[in-house]
Amino acid sequence: MLSKPQKRISKRGLTVWKISGALHSLIPFVLAIGAIVLTFIFDWQMWIIGVALIIFALYAYLAIKVFPTVRWKRWRYEVRENEIELQHGIFIIKRTLVPMIRVQHVDTHQGPILRKYKLATVTVSTAATVHEIPALDLEEAEELRFFISNLARVAVDDV
Amino acid sequence: MSEPRRLHFIAAVSNVLKTLKDSIIPILIIVVFGNSEGKIQLFITLGIIALILVSGILTWLRFTYRIEEGELRIESGLIIRKKRYIPFERIQSLDLSEGILQRPFGLVKMTIETAGSGIEAEAILTAISKNEAQQIQEILSQSKKAHIELDEQIETEQKEEQILYQIKPGELILLSSTSGGVGVVISAVFAFLSQFSEVIPYEKVFDELSVFITGGVMLISLMVFLGFVLAWLIALIGSVLKYANFTVRKVGDELIITRGLLEKKQLTIPLHRIQALRINENPVRQAIGYASVYIESAGGSLKDADSSKVMLLPIIKRNRIREKIETGLKDYQLTDMFVPAPKRALRRYIFRGLFFSIPVAAILLYLFPVWGLFSLVFVGLILILSYYRYKAAGWTILENQLVLRSRFISKTTVYLRKNRTQSITMKETYFQKKNQLATISAKAMSGSGATGGDVVDLEVDDVLSIYKWYSYTPENSD
């Protein structure tokens, strides 16, 4: 039977996702506040406030708690000598196989939040597709990039 | 050249100018629509310009490149820091160009193309001295020398020529008249109506008809109908002109495709750049036993996007494809043996069809109580299509070749070789998992983008076996 990828991404990645979830929740927050203010100004019915608050709460709960947790739990990766395997997805679980000899280049990048938590995202590009391993420990990401680009170079170029 | 280097300062100037050019419209808007006193907008404008200046210089400061361990290493980014390491083996071409900014300072702009995907495939060194450019080129050509010598050897070999395909007049008409979906439908309706001409007593209807015509309703619908026919005719003629004299020749290791009556076009495709083979059967052509064959090739850059999706055999009898492909593209083996999707997948195919067609029909029925009834025909058609989609779903593996068959409207069969497949993904939704079904998706390169095949709702064990076939790890492929 096929072995599933085993490695998880950094636990700090979960924190970063929660933070960015919280930032995303600002949008429904502002909308909800707007709805409440308008309700008072124009004497709309009071249940609008309730609905606005519930929508905001639901969004925040999903974006801060549920989605990051599920996403983190699902995310697995493994870099073998001959291939990279990824598994992720909240609703649709995707398992992807990228042979090392198909890898064209490897990049790392980090945004402000990732940098604060010493994390980085690794992207692996083939001739046709781009694959991302998010929120890895910085050193691990550097190592991985080094490792992959070394292995990928051994391969013959037959594109 | 292993120590990190910056670009020439002109790169910063070029960055700033480019950003200024891009933001000229927002700045103009601020200037034009500001209040009349003008102070605030002046400050905002100056602020934006200062910001662009500072960020342009900082971006320039951050951007470094170096050559280290056979890689071109570029580090950049003001807010998001990027490191891009490009191994020399992956570099497809180095283009040099001199812009107005570069020329007075004896600088060049170097564009590094890799075989990667999309815009990300390129790295650009905006301004470097000619010396440095030369150095980089030399280092690169040294590491590539081995490859070049090999290519030259092939060049000197004797080339043999062979005509693979030549379109016949009948086929050309068939191709042109069945290419546009709308045209097909209209002509079908027309043919259908003409069947009734004997049945309907025209003389008797004529009096009432003239009332109609003067009422204008008939006239308008007649005009619309004629318009459709005219559009279809124009499309037909255009298509005839485009595909006339369609000829495929195999010369040595290249396919040469020529076509066109007024404007002649020629396309040369080296066999080793072919990434995938695709057989397309639209419903009308399928009904009369014809298909079209496309090849996907690795185009070098975005410039010749035309050459990535190439029609190889525009229209051909299904049963003759095999012989053509086997003489022309020896790497591919055609097959008719497919492992179908399991019976329990049919339910999901039907459900997916109904999932969007029933709400649409319901809305139409609600809005137009009588005419909306026609939307039921639409639901019926979707049901039939869903069934045929289920029937089309299938896969097979022949040695180093994966074949995926599916249908959206046209039936598509994709042939992918293992060494041309860039990645394979299996997908499972919650409901698929419950039914032990999964989706397979294989990607190959096409031009500078991706192409590939997807088959939904196959047996999960089948999908796993495709996955296993693709895996390069020995314990997996056992």
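How do strand 1 of chain B and strand 2 of chain B pair, and over how many bridges? In this predicted model, the two strands pair in the antiparallel sense over two bridges; strands count as paired if DSSP finds at least two bridges between them. Helices (H or I, at least four residues) and strands (E, at least two) are DSSP runs numbered from the N terminus.

**Sheet with strand 1 of chain B at an edge**
- Seven strands form an open, antiparallel sheet in the order 7(A)-6(A)-5(A)-4(B)-3(B)-2(B)-1(B).
- Strand 7 (130-137) of chain A and strand 1 (5-6) of chain B are the edge strands, each pairing on one side only.
- R5(B) has Y65(B) as its bridge partner in strand 2 of chain B.

- Nine antiparallel bridges join strand 20 (residues 437-446) of chain B to strand 21 of chain B, and A438(B) is bridged to L458(B).

**Annotated spans of chain A**
- An unreviewed UniProt entry annotates residues 21-41 and 47-67 of chain A as "transmembrane region"; positions follow the numbering used here, feature names are shortened, and annotations may be inferred rather than shown by experiment.
- Residues 21-41 of chain A are 100% helix and 0% strand, with end C-alpha atoms 31 Å apart.
- Residues 47-67 of chain A are also 100% helix and 0% strand, with 28 Å between the end C-alpha atoms.

**Conventions**
- Residues are numbered from 1 along each chain as its sequence is written, and chains are lettered from A and ligands numbered from 1 in the order in which they are written.
- Local features need pLDDT of at least 70, side-chain atom pairs count only at pLDDT 80 or more, and totals for chains, interfaces and linings use all residues, while side-chain values use heavy atoms, leaving out hydrogens and water.
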